[in-house]
Amino acid sequence: MNLGTMNICIVAGARPNFIKVAPIVRAIDNAKAHGRDIDYTLVYAGAKDDPSLEASLFDDLQIAPPQVFLGVVCENLNELTGQVMSAFERYLQENKTDVVIVVDDLASTMAAAIVTKKQGIRLAHLVAGTRSFDIKMPKEINRLVIDGLSDLLFTAGMGANSIATREGAELSKIYTVGNILMDTLRFNRNKTVPPAPPFSAERDYLVFTLNRKALLADEENLDRMLKAIVENAQGMPVYAPLRSQAREAVEKHLGDGFIFLPPLSYLEFGWLTAHAHGIITDSGNVAEEATFNGVPCITLNSYTEHIETVKVGTNELVGEDPQLLGEMVGKMVRGEWKQGALPDRWDGRTAERIVQILMEQQ
């Protein structure tokens, strides 16, 4: 490898991170193909046999699998942080690295960020400046630590810039690059495929996803929320592509109220949500995709780190209020939904901007 080559380490801590780093990998490959001295290593904090990394994921995203697996598998977040720090420190000591890119706000992301700075290596954070303003959330603490350590803060929009500057980040460190998720959505727009049965596209349908531990833990309220969805869906099918713990919780309360789908590939899930009549979710990423596709979306939370999906897009927040949820599902089914638009810099060129900035920093 040429001594002048810029070596970028991209750290992914969980499956959703790959959807955001895939455009950066492709942009680096494109820059290399045009003769630029730049290269990358994709590092995954987890294990090679992680069941959430289905075989089709990297084919769907059209990137190579990670070159390095740190192999950390741990439920306790503090233990996980320590193990990732130890493993990633060994990696950085053994591999020349000019800049580390960390994604989002996981414990593993924070661990990699801390080690990067202790090794005297430049740190870039994607997506910087997102806040819930709830310090009781572990992810909020992670965000504050990562942004505070980062040399390059890649933000999705001006709102995130304001947060970062208010917390003391120097303007020279902040770059408004846009929403990286849109790069992936635009890249795969014509590649999505319908799921297999029991899914059927013969009539309008809703999509329901659930992942937040707080929602799963409050069984009594979860029961009321699930019933509110079914009662107000007015017979419209509700497809639920849920993983094991969430599916078990929903089945326990609702029996056959939803049509359960097995965990879908990235391209299958993309088709399912893009063609839905409406989406009910607790995922910020799913809400962003809904705004991109112009699909009505209800988020089961009282806040979102992606407020542009509410102010400009198709998303509405209902908190954990079963009555409000039921009312909004009714409006969704009746077609009484607001018109959404695409927020600024959702143009699919975020990764290009990031790679250009990194090369200018060399």
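1. Let me start with a term: a salt bridge here is a side-chain nitrogen of Lys or Arg within 4 Å of a carboxyl oxygen of Asp or Glu. Glu 167 and Arg 131 meet this condition, with their closest N and O atoms 2.6 Å apart. The two come from distant parts of the chain, 36 residues apart: Glu 167 sits in the loop between α6 and β7 (174–176), and Arg 131 in the loop between β5 and α5. Please keep in mind throughout that this is a predicted model.

2. How do the two partners differ in exposure? Glu 167 is partly exposed, with a relative accessible area of 41%, while Arg 131 is buried at 4%. By the rule above, the count for the model comes to 20 salt bridges.

3. A second pair to look at is Glu 305 with Arg 143, whose side chains form a salt bridge at 2.4 Å, N to O. This one also links distant parts of the chain, 162 residues apart, with Glu 305 in the loop between β12 (297–299) and α13 and Arg 143 in helix α5. Arg 143 is buried, at 3% relative accessibility, and Glu 305 is partly exposed, at 21%.

4. Glu 316 and Lys 338 make another salt bridge, with 3.4 Å between the closest N and O atoms. Glu 316 belongs to strand β13 (residues 315–317) and Lys 338 to the loop between α14 and α15, so the bridge ties together parts that lie 22 residues apart in sequence. Both partners count as partly exposed, Glu 316 at 24% and Lys 338 at 29%. As for shared partners, salt bridges join Asp 105, Glu 140, Arg 143 and Glu 305 into one network.

5. Now to the second largest pocket, which holds about 560 Å³ of space. It is lined by 29 residues, and those closest to its centre are Gly 159, Ala 160, Glu 305, Ile 307 and Glu 308. Which helix supplies the largest share of this lining? That is α6, with four residues; α6 (158–166), α7 (180–187) and α13 (308–311) each give at least two. By type, the lining residues split into 13 nonpolar, nine polar and seven charged.

6. Asp 50 is buried but has no salt bridge, and the nearest side chain of opposite charge, that of Arg 243, is 7.7 Å away. What Asp 50 does have is a polar contact of 2.5 Å with the side chain of Tyr 44.

7. Some backbone geometry is worth checking. Most residues other than glycine have a negative phi, and most peptide bonds are trans. The bond from Leu 126 to Val 127 is cis, with omega near 5°, and Val 127 is in strand β5 (residues 122–128). A cis bond also runs from Pro 197 to Pro 198, with omega near 20°; Pro 198 is in the loop between α7 and β8 (206–208).

8. Positive phi values near 65° turn up at Asp 104 and at Phe 133. Are these residues buried or exposed? Asp 104, in the loop between β4 (99–103) and α4 (107–118), is buried, with a relative accessible area of 15%. Phe 133, in the loop between β5 and α5 (138–149), is exposed, with a relative accessible area of 56%.

Definitions and conventions
Residues numbered from 1 in each chain as written. Predicted model: local features only at pLDDT ≥ 70, side-chain atom pairs only at ≥ 80, totals over all residues. Heavy atoms only, no water. 1 Å grid on protein atoms, 1.4 Å probe; cavity = no way out; pocket = protein on both sides within 12 Å on 5 of 7 lines; lining within 4 Å. Points joined across faces, edges and corners; volume = space filled by probe spheres on them. Nonpolar A, V, L, I, M, F, W, Y, C, P; charged D, E, K, R; others polar. Buried < 20%, exposed > 50% of the residue type's maximum accessible area, 1.4 Å probe, protein only. Lys, Arg positive; Asp, Glu negative; His and termini not counted. Polar contact = N/O pair within 3.5 Å; in protein donor to acceptor, adjacent residues only side chain to side chain.
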